[in-house]
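Visitor: I'm new to this structure, and I'd like a close look at just one part of it. Could you walk me through how one chain sits against its neighbours?

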Amino acid sequence: MTRRGKRRLQALTLGMLGLGVATALALTAFRDNIVFFYSPSDVIADHINPGRSIRLGGMVEKDSVKRQGDVTEFRVTDTSRTIGVTYRGQLPDLFREGQGVVTEGTLSPDGNFIAREVLAKHDEKYMPPEVASALKRAGEQTHATSTLVEKP
Amino acid sequence: MDDLMTFLAMGGYGVYVWPAYGLTALAFVGMLGWTVVTLKARRREEQGLAAAGRIRRGRREAES
Amino acid sequence: MTTARIPLLHRYANPAVFGRLASQVLPWTTGAAILLLALGLYFALFSSPPDYQQGNSVRIMYVHVPAAIMSEVVYGMMAAAAAAGIIWKHALADLFVKAAAPLGAAFTFICLVAGSLWGKPMWGAWWVWDARLTSELILFFLYLGYLALVDAFDDPQRGLKAGAILVLVGVVDLPIIKFSVDWWNTLHQPASLMTMAGPKVDPSMLLPLILMIGGFTAFFITVVMLRLESELLARRIRAWRTAAGDE
């Protein structure tokens with residue numbers, strides 16, 4: 001390589017390193033703003049004010065879904081903490097007990113969450129129904145959504 | 001016929017699946033078509049200029 | 001200035017020489033693209049099962065995921081070529097960046113729209129501003145920014161150089177897209193293919209996915225070579241016109 005080529009390579013490497021460090025710092029600084037939702041543990045630990053609009057995400061607790069007309073009540077859990085959610089409206093196709101969910105709304109003073117919007121989160125596993133039921137029969141599939149619960 | 005309708009319905013998700021594939025097909029045809037049309041036009045232009053260049057060079061050599 | 005560079009350029013980046021090379025490779029990549037896309041579509045639409053959770057909407061994956069992979073791979077190749085162009089001043093490297101950019105933009109667009117069409121029925125929203133979707137949208141704007149910048153100068157050489165710098169600055173977005181689903185909580189699910197424990201996709205669904213990824217790749221190689229030849233021709237035409245103007 002020519003001497004000028006070497007110099008350009010060094011300058012470029014330094015430039016890219018600087019850029020990488022700057023981006024990493026910026027992303028770390030804005031960490032809280034990039035997070036899409038809070039887990040029940042986050043919500044309880046951060047003492048989020050009632051009335052502030054936030055997203056609460058986690059797993060729909062098994063056997064917690066109650067429907068009355070177009071009002072749905074369920075509990076969202078991250079396995080350590082659980083928050084009750086009330087939602088009026090249509091649920092997405094993937095909304096299921098034991099599956100991931102992200103709800104947007106506000107905390108009411110009694111600690112219940114009033115959701116304006118419910119989004120279903122799906123996991124990274126793809127398989128045909130027969131395989132899923134075979135896995136279930138074999139007892140290997142304790143939780144299809146184990147990765148959906150965020151670390152607190 | 002019923003089989004075809006079932007296939008097109010995609011279990012109720014046809015309205016999402018088919019536009020996704022349609023858009024992809026359109027984008028592929030667009031990428032290839034635009035590229036080939038431009039390439040052919042440039043090949044023609046280049047050949048024309050090359051021929052003109054040969055003529056010019058030939059004339060200059062004849063003059064000298 | 002431009003005319004002084006031409007003799008050297010013609011030796012290394014002669015359209016005729018490149019055209020001969022391309023004509024040897026192109027039949028193979030074209031054949032591979034047609035074969036892989038045809039087989040891929042057959043398996044994607046007819047011969048693969050619906051998903052146990054998502055039903056037939058999972059078939060959107062077979063265009064969304066290959067497009068998403070291409071959007072990142074093409075940008076990565078452009079960044080490598082942009083670096084090579086800046087360091088070694090190789091004419092072909094700069095032109096590759098320009099030839100690949102519209103294709104990368106198109107793949108990113110397919111990824112975003114197909115993803116949106118998948119998100120509506122499954123998630124319940126066409127779009128959310130989570131880290132994965134936002135960083136992929138930024139990638140789309142990087143492509144558009146490059147395309148606008150590269151043609152914004154009277155001297156094409158300067159446009160290529162400015163574009164190369166933009167591509168290199170934007171390369172920080174690639175790891176952000178890839179790891180966004182691990183670094184932050186997002187609505188988008190984590191990786192299914194490139195995981196430490198191997199793919200989390202059933203073999204019956206992995207087959208169409210791999211075929212489509214191969215088809216997208218072969219298609220890209222085919223079209224980018226045609227575009228590269230086209231860019232070389234455009235450059236030669238420009239040089240001839242400049243030379244004719246000087247006489």
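This is a predicted model: local features need pLDDT of at least 70, side-chain atom pairs count only at pLDDT 80 or more; totals for chains, interfaces and linings use all residues.

Guide: Happy to. One salt bridge to look for joins the side chains of C:Arg241 and B:Glu45, with 2.6 Å from N to O. There are also six residue pairs in polar contact across the interface of chain C and chain B, counting pairs with both residues at pLDDT 80 or more.

Which parts of chain C make up this side? The elements giving two or more residues to it are helix 2 (15–47), helix 3 (61–88), helix 4 (91–122) and helix 8 (203–246) of chain C. Helix 8 gives the most, with 15 residues. Sort the residues on this side by kind and you get 29 nonpolar, four polar and eight charged. In all, 41 residues of chain C are in contact with 29 residues of chain B. The area buried between chain C and chain B is about 3,200 Å², and carbon and sulfur atoms give 76% of that.

About 3,600 Å² is buried between chain C and chain A, with 63% of it from carbon and sulfur atoms. The salt bridge count between chain C and chain A is one. You can find a salt bridge where the side chains of C:Lys200 and A:Glu124 meet, at 3.2 Å from N to O. As for polar contacts, the rule finds 17 residue pairs across the interface of chain C and chain A, again with both residues at pLDDT 80 or more.

Leaving aside residues up to four places away in sequence, C:Ala125 touches A:Glu117 and A:Leu119, along with C:Gly119 and C:Lys120. Is C:Ala125 buried or exposed? C:Ala125 counts as buried because its relative accessibility is 6%, and the cut-off for buried is under 20%.

For another stop, go to C:Ser180, found in helix 7 (residues 173–183) of chain C. C:Ser180 has a relative accessible area of 0%, so this residue is buried too. Its contacts, not counting residues up to four places away in sequence, are C:Ala131, C:Arg132, C:Ser135, C:Pro175 and C:Thr186.

Chain A is divided into domain 1 (1–33) and domain 2 (36–147). The C-alpha centres of those two domains of chain A lie 40 Å apart.

Note on methods
Residues are numbered from 1 along each chain as its sequence is written. Chains are lettered from A and ligands numbered from 1 in the order in which they are written. Side-chain values use heavy atoms; hydrogens and water are left out. Helices (H or I, at least four residues) and strands (E, at least two) are DSSP runs, numbered from the N terminus. Buried means under 20% relative accessible area, exposed over 50%, partly exposed in between (1.4 Å probe, protein chains only). Contact means heavy atoms within 4.5 Å. Domain bounds come from an automatic or database domain assignment. Buried area is the accessible area (1.4 Å probe) that two parts lose on being put together, summed over both. A salt bridge is a side-chain nitrogen of Lys or Arg within 4 Å of a carboxyl oxygen of Asp or Glu. A polar contact is a pair of N or O atoms within 3.5 Å; within protein, one must be able to donate a hydrogen and the other to accept it, and residues adjacent in sequence count only if both atoms are side-chain atoms. Ala, Val, Leu, Ile, Met, Phe, Trp, Tyr, Cys and Pro count as nonpolar, Asp, Glu, Lys and Arg as charged, and the others, Gly among them, as polar.
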